[in-house]
Amino acid sequence: MHDSTRIGELLHGEEKEVRGDSAYMGKTEEIRTKAPRAVDYTQKRATKHKKLTEEEKEQNRLLSKVRSRVEHVFHVVKCVFGFTKVRYKGLAKNTGVVYVLFALCNLYMARGFLLSTGGSVSKNRYRG
């Protein structure tokens, strides 16, 4: 089940901004109801009858830059470390595993900087 179908349950009401991909389009009213002070930064999607304006395309481009940085972390956790399925071992154990995975992910993503002598990030950041 996609989380956009349960957006009301994911919000606690104190959010300052809500970000999401185009799957969250059309959920603005639900976001406004649950988190009235939140700014809606969800991406817009073109429809058959309504094309995106240049401003909407530019806003989507800016939002995609932020999302790509966040999504890259999940790519590393899933594809590099192979954490694609979770077996429930208890909340404490699963939480510990996730903390370790994301700590390792931080090291993995910063390895070029950490291993270089001059402090510059290596050009090939995705290969070991």
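The buried residues of helix H3 pack against strand S1 (17-20), strand S2 (39-42) and helix H4 (91-109). These buried residues (under 20% relative accessible area, with exposed meaning over 50% and partly exposed in between, for a 1.4 Å probe and protein chains only) are Glu 56, Asn 60, Leu 63, His 72, Val 73, Val 76 and Val 77. The model is predicted: local features need pLDDT of at least 70 and side-chain atom pairs count only at pLDDT 80 or more, whereas totals for chains, interfaces and linings use all residues. Residues are numbered from 1 along each chain as its sequence is written, and side-chain values use heavy atoms, with hydrogens and water left out.

Helices (H or I, at least four residues) and strands (E, at least two) are DSSP runs, numbered from the N terminus. Helix H3 covers residues 54-80, 27 residues in total, and reaches 37 Å from its first C-alpha to its last, close to the expected 39 Å; the expected span is 1.5 Å times one less than the number of residues. At Ser 68, H3 bends by about 25°, this being the angle between axes fitted to the seven residues ending there and the seven starting there. Just after H3, Gly 82 takes a positive phi of about 70°.

A nonpolar core is a set of buried Ala, Val, Leu, Ile, Met, Phe, Trp, Tyr and Cys residues joined through side-chain atoms within 4.5 Å. The largest has 7 residues: Ile 7, Leu 11, Val 18, Tyr 24, Ile 31, Ala 35 and Ala 38. A second, separate core of 6 residues includes Val 77 of H3, together with Leu 101, Cys 105 and Tyr 108.

With a disulfide taken as a pair of cysteine sulfur atoms within 2.5 Å, the count is 0. Cys 79 is in no disulfide, and the nearest cysteine sulfur, that of Cys 105, is 11 Å away. Cys 79 is exposed at 55% relative accessibility, whereas Cys 105 is buried at 0%.

The whole structure holds 7 salt bridges, each a side-chain nitrogen of Lys or Arg within 4 Å of a carboxyl oxygen of Asp or Glu. Three of them are listed here.

| Salt bridge | Closest N to O distance |
|---|---|
| Arg 6 and Glu 9 | 3.0 Å |
| Glu 29 and Arg 32 | 3.8 Å |

Arg 6 is partly exposed at 37% relative accessibility, and Glu 9 is exposed at 59%. Glu 29 and Arg 32 are separated by about one helical turn because they lie 3 residues apart in helix H2 (residues 28-34). Glu 29 is exposed at 53%, whereas Glu 56 counts as buried at 17%.

How values were computed:
Contact means heavy atoms within 4.5 Å.
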